[in-house]
Amino acid sequence: MLVAHATWHGGALCLWAERTGPYEPHPDVHPFATRDFTGTSYEPLVKGAFRVELTMTLPTHGDHPLPSPECGAEGVVPEELRDWRVPALVLEPFPAMTLLQLAEHSADVVPGSDLRYLCLLADEAMRLAGRGQVLPALLREDGDLVARWRPVVDDPARFADLARAMPAACRAADGGRPAAEVLREALTGLVDTAVRGVVPHPLLPPRRGKAPDRVPLAERWVQALTGPDHSVPREPGDDADDLIAELDAWAAASRRPAGPLRVCFRLVEPGAAATDVPDAPDDPHEKAVEEAGDAWRVEFALQGTDDPSLYVPAATVWAGEATSIADAEETLLTGLGRALRLFPDMSAALDSPTPGGLALDTAGAFRFLRQAAPMLAAAGFGVLLPKWAGKAKLGLRLTTRAQDGEGSGAAASSGFDLRSLVDFRWDLAIGDETVDEAELEELARLKTPLVRLRGQWVELDERQLQAALEFLRHPRRGTMTAAEAMRAVIHAGDDALPSWTSTPTARSATFVRRSRPPPHPGRHPRRLRGTAASLPGARPGLVDVHERPRPGRRRRRLDGLGQDDLGAGSAGA
């Protein structure tokens, strides 16, 4: 039997194996350890790997290291922890990632608990890269400049769980290191490999014309962010301090607040009731908010991280009325400084020693809705938007009505069959309100991304307007079969002009209910989720279909990877 083990050491995955059978005692050489994977499924992945010898602190029983649980050593109590020399292989990043993705599926090599844990970390790195939770960095390593991708961990509890679950063998090299330190280093290395595996190389298009005598450092850094080579070529006169500082500040701004309070940004539309708006402090920017009349406002506040209902306006903080909150002023100013990179429009407000809010024109409010608000929320800041935000958008609505006299026999008793003819009408709509051609032309004339229509604010960009005007050039009334109407409900619309709903008459709604067999009670189509509220009696799963992960889909448990596993796959803290 061959049991594979791994540790993260020196910025790389180090792989070794443990074999069973007789052994010859040696004062400090692990008698069961080997780095020979010849003839196994691991062989192609470790071919050409660099050979090293690690010093591992492992549980010891008598004159030999305690075999790992995978070798049947359960129940044996270690007598001490001792250093043992272990032959190992240092894998390059891409072969290491491939091995970690395939190790648990190997039929001829048994993965130890330490290797299984690093397989879990590889999955975590792929998840972070897939969600875009990564940031580029410029680092100094051994005197050289290197380009790296770093993870953005937005779930401290998850990170703590991973650190607690780390088997001690993962950090047993050279006397052992704290689990959080090894976790951070391993996750960073695996995330870097995961991003490089999907981002095209080179990232920048080739230069046109004559190449400059000196390529800017930033351009060389971007080139090194993709492909297998991390190194950034050096040129005389390079000063990387400013770029490193900027990238470090970017990473710091992405970290979620760890305390009980966070900075919150509240968008207030023009004409909001005075009771909805905190008292403004006496500074020029807040005076501009009051004098603007119909101006939009973004108000600053402190909000509870775990209890969002705890809301303290910046005006209250600067007035000295937040005495029950420790370090309220410092927390507010620090958070606003972090947010500046994500919301640069507020730089003018920060010129005041007591910033409380920011006045915006309509274009600025639209930028906040579409750009700043999502990024601030993703970075852990509180964001409060009007109820209509993200909902009141222009779309298509289909109305159908069954023609009289259609259908016969059993089909007629329920209304009509799929061949029945229905009268249809397409309309432009915002929510439940239709928009006529005159109103649309007025919206196009205003050329503003946020407009007030029938007492409701609506987000409307140029692409939506053009799609709507093109829609008006085509016939919007006519006759089609019931089958065509049902297809239209599902397939109509696109990103620019989505199809919000369809309005069937009572007879067509009855047909929809009766024309399909009822699903098994309590069951819905697997991997489907959606709503068809516009079709009375319809169950979820017909319209607005979205894919979601199957419940119970392959998940690794952190249990069983704890520090209770003794043997060659474990070591003392």
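Predicted model: local features only at pLDDT ≥ 70, side-chain atom pairs only at ≥ 80, totals over all residues.
Helix α5 gives the largest share of the lining of the largest pocket, eight residues. Residues are numbered from 1 along each chain as its sequence is written, and side-chain values use heavy atoms, with hydrogens and water left out. Helices (H or I, at least four residues) and strands (E, at least two) are DSSP runs, numbered from the N terminus.

Back to the pocket, then. The largest pocket has a volume of about 1,200 Å³. Pro151, Arg184, Glu185, Thr188 and Gly189 are the closest to its centre among the 40 residues that line it. Two or more lining residues come from each of β2, β6, α2 (93-102), β8 (134-141), β9 (144-151), α4 (156-165), α5 (179-196) and α7 (241-254). By class, the lining has 21 nonpolar, nine polar and 10 charged residues. In this count, Ala, Val, Leu, Ile, Met, Phe, Trp, Tyr, Cys and Pro are nonpolar, Asp, Glu, Lys and Arg are charged, and the others, Gly among them, are polar. As for the search itself, it runs on a 1 Å grid over the protein atoms alone: a pocket is an open set of points with protein on both sides within 12 Å along at least five of seven lines, a cavity is a set where a 1.4 Å probe fits but cannot get out, and lining residues have an atom within 4 Å of a point. Grid points are joined across faces, edges and corners, and a volume is the space filled by probe spheres set on the points.

The structure holds one cavity of 30 Å³ or more, and the largest cavity has a volume of about 70 Å³. Its lining is made up of Glu124, Arg127, Leu128, Gln133, Val152, Val153, Asp154, Asp155, Arg158, Phe159, Leu162 and Leu187. Helices α3 (113-130) and α4 are the elements that give two or more residues to this lining. The residues divide into six nonpolar, one polar and five charged.

Two strands pair if DSSP finds at least two bridges between them. Strand β1 (residues 2-9) runs antiparallel to β2, with eight bridges between the two; one of these sets Val3 against Glu18. The two strands form a hairpin with two residues between them, and Gly10 in the turn has a positive phi of about 65°. Strand β2 also pairs with β6 (residues 80-91) through three bridges in the antiparallel sense, and there Leu13 stands opposite Leu91. With β3 (residues 33-34), β2 makes two antiparallel bridges; the partner of Glu18 in β3 is Ala33.

Strand β8, another contributor to the pocket lining, holds Ala137. Ala137 counts as buried because its relative accessible area is 0%. Leaving aside neighbours within four places in sequence, Ala137 is in contact (heavy atoms within 4.5 Å) with Val146, Ala147, Arg148, Arg150, Trp221, Leu225 and Leu247. The C-alpha atoms of Ala137 and Trp221 are separated by 9.0 Å, with the two residues 84 apart along the chain.

Finally, the aromatic rings. The structure holds five aromatic pairs; rings of Phe, Tyr and Trp (its six-membered ring) pair if their centres lie within 6.5 Å, and planes under 30 degrees apart count as stacked, over 60 as edge-to-face and the rest as tilted. Phe265 and Phe300 form an edge-to-face pair, 5.6 Å centre to centre with 80° between the planes. Phe265 lies in strand β10 (residues 261-268) and Phe300 in strand β11 (residues 296-304), so the pair ties together parts that are 35 residues apart in sequence. Both of these residues are buried. Phe265 also forms an edge-to-face pair with Phe381, at 6.0 Å centre to centre and 70° between the planes. Here Phe381 sits in the loop between α11 (362-378) and β14 (382-384), 116 residues from Phe265. One aromatic cluster takes in Phe265, Phe300, Phe343, Phe368 and Phe381.

Notes:
Buried < 20%, exposed > 50% of the residue type's maximum accessible area, 1.4 Å probe, protein only.
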